[in-house]
Amino acid sequence: MSNSAPASVKKALSAQPNPSFPVRRMDYKFTTTPKYWMDNEPSLTHLFTGMSTLFPEGEAYFVRAVRALRDQIKDNPQLDKDIGAFIGQEAMHSKEHHAFHQSAEQFGLRPESLENATGLILKSVEKVFSKKTNLLLTVGLEHYTAVLVVTMMDSVNELMTDDTVRNLWLWHSVEETEHKAVAFDMYQHLYGSGLNAYLPRVTIFSFALLMITSMMMGYTAVLMKRDKQLLNLKSWKKLGQMMVSSHRIFIPKFMDYYRRDFHPNDSDETELVARTKAKLGLLKSADVLAC
Ligand SMILES: [Fe+2]
Ligand SMILES: [Fe+2]
């Protein structure tokens, strides 16, 4: 702000709240990513590559869903600022995961075709659903992601054999935790927490679980086929074991969402996030605040 700005303008601007979390500009280079960067295992690598292909179009869909209703949030300046930062973080995740997929092209996996498929599916969903339901699908998928990233920060990242790929997933996990309540708070601000808000919330979450699980498993199979590993039963078995052990943790956390009084901040990951940020060097990096 210019020093010559009138005092009244300075006062008005300084009264504006800051977002509760920053938007960080990243620019990862995936030039040396190995073919199997997850525990040297085709099925595990393809599961996470398949999941990654959901992000560029999936997070663009989230951004459109919150933008479509943002003009009704202006009476809550803090939430409005946090929505701005949410949009900034998700846009950056889309960009970096897209860059990661371009690196996987060298192995003939064509992950960009799965990004395109995700875009087609979500654009069809968006057309059929109302603005409220598109926001709810975002809220549900944000909870799904918030559950998964805890395990990622806690242990799963240790299976990643490439530092840049690990940093990508850890940075994304930190930010998903930082903004996990934004879409939920937006929904509650607009629609409250009565039965009329609760029933669609849990119905759409059930739909979200079904949709994302089918897409992830379908994409994993496509990538295994493209990699000529479809009949690698030993590798599939490893994936099965991982899915069983991780879902023992995930399912009770997914069930939390069905509580009438659920809120994303009921679980506190402050310590885990602080440890992950320290590992990434994010505590020292320059954070760019969203407008
Ligand atoms: Fe994200
Ligand atoms: Fe998110």
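Author: What follows is a set of questions about labels, each answered from a value and its cut-off. The model is predicted, so local features need pLDDT of at least 70 and side-chain atom pairs count only at pLDDT 80 or more, while totals for chains, interfaces and linings use all residues. Residues are numbered from 1 along each chain as its sequence is written, chains are lettered from A and ligands numbered from 1 in the order in which they are written, and side-chain values use heavy atoms, with hydrogens and water left out.

Reader: What makes a residue a donor of the iron ion (ligand 1), and which residues are they?

Author: Donors are N, O and S atoms within 2.8 Å of the metal (3.2 Å for Na, K and Ca), and because water is not among the atoms, sites may look incomplete. The iron ion (ligand 1) is coordinated by E59 (OE), E90 (OE), H93 (ND1), H172 (NE2) and E176 (OE), at 1.7 to 2.3 Å. Along the chain these donors follow the spacing E-x30-E-x2-H-x78-H-x3-E. Distant parts of the chain are linked here, with E59 in helix α3 (residues 55-70) and E90 in helix α4 (residues 77-104), 31 residues apart; helices (H or I, at least four residues) and strands (E, at least two) are DSSP runs numbered from the N terminus.

Reader: How do you know whether E59 and E90 are buried or exposed?

Author: Buried means under 20% relative accessible area, exposed over 50%, and partly exposed in between (1.4 Å probe, protein chains only). E59 has a relative accessible area of 3% and is therefore buried, and E90, at 0%, is buried as well.

Reader: Why are α3 and α4 called roughly antiparallel?

Author: Axes are lines fitted to C-alpha atoms, for helices over the stretch in contact, and angles run from 0 to 180 degrees between N-to-C directions. Angles under 35 degrees count as roughly parallel, over 145 as roughly antiparallel, 65 to 115 as roughly perpendicular and the rest as oblique. The angle between α3 and α4 is about 160°, with their axes 8 Å apart, and the pair is therefore roughly antiparallel.

Reader: What makes α3 and α8 roughly parallel or antiparallel?

Author: The axes of α3 and α8 come within 11 Å and cross at roughly 30°, so the two helices are roughly parallel. Their contact is made by V66, L69 and R70 of α3 and M186, L190 and Y191 of α8.

Reader: How do you know where H179 stands, buried or exposed?

Author: H179 lies in the loop between α7 (163-178) and α8 (182-191), and its relative accessible area of 0% makes it buried. Not counting residues up to four places away in sequence, H179 touches F21, F86, Q89, E90, H93 and E142.

Terms used:
Contact means heavy atoms within 4.5 Å.
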